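Subject: The structure, with some notes

Hi,

Here is the structure I promised to pass on.

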Amino acid sequence: MTEHLEPLLLGTPQLLESYWPQVEPLFEKCVRRASHGEYAVQDIKSLAFAGRAFVFILTNDKHGSAVERRVTLALALEVVNYPRLPALNILAVGGSGLRMAYAKYWGMLRGWAYMSGARAIEGWVGPGMKRTTESMGFKSVYTHMRYDLEQGDA
């Protein structure tokens, strides 16, 4: 028998605090591998507390009553208010079961995002995640370039 997992938006400070010990290690791995100094895991939590990001999880315990609470997947979306395009930026995805979650819950997430005012979901991704997101319908829009002012021309 497979474990029943459900999506949950950690939309209150209490939920965020309650699940954070299980969410943090999932985001740590993602931030360590995929980011390049833009933010740390604690910044994701701070953005969520400030209402500038949303943290979704897949869990076996939507109500906080399971003896063995598990979080298998975590997703952080940051609010981006371009002048003419309200969007959500994928900050981090960590854990396992992304393909299953996509197949089962992507339509619900898109509906929630649209009803929340977003008109696009975007992400800055590396080559591996680019292939994954393209298979999920994301399109390449820009090539992101960076010049490190601390390194200079060295």
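Contact here means heavy atoms within 4.5 Å. By that rule, and not counting residues up to four places away in sequence, Asp61 touches Tyr19, Ala66 and Arg69.

Before going further, please note that this is a predicted model, in which local features need pLDDT of at least 70 and side-chain atom pairs count only at pLDDT 80 or more, while totals for chains, interfaces and linings use all residues. Residues are numbered from 1 along each chain as its sequence is written, and side-chain values use heavy atoms, with hydrogens and water left out.

Back to Asp61: you will find it in the loop that lies between strand S2 (53-59) and strand S3 (71-81). Helices (H or I, at least four residues) and strands (E, at least two) are DSSP runs, numbered from the N terminus. Is Asp61 buried or exposed? Its relative accessibility is 3%, so Asp61 counts as buried; the cut-offs are under 20% relative accessible area for buried, over 50% for exposed and partly exposed in between (1.4 Å probe, protein chains only).

Gly11, in the loop between strand S1 (6-9) and helix H1 (13-34), counts as exposed because its relative accessibility is 55%. The C-alpha atoms of Gly11 and Trp106 are separated by 18 Å, and the two residues are 95 apart along the chain.

Finally, the strands: S4 (residues 86-95) pairs with S5 (residues 120-123) in the parallel sense, over four bridges. Pairing requires at least two bridges found by DSSP between the two strands. Within this pair, Ile90 stands opposite Gly123 in S5.

Best wishes
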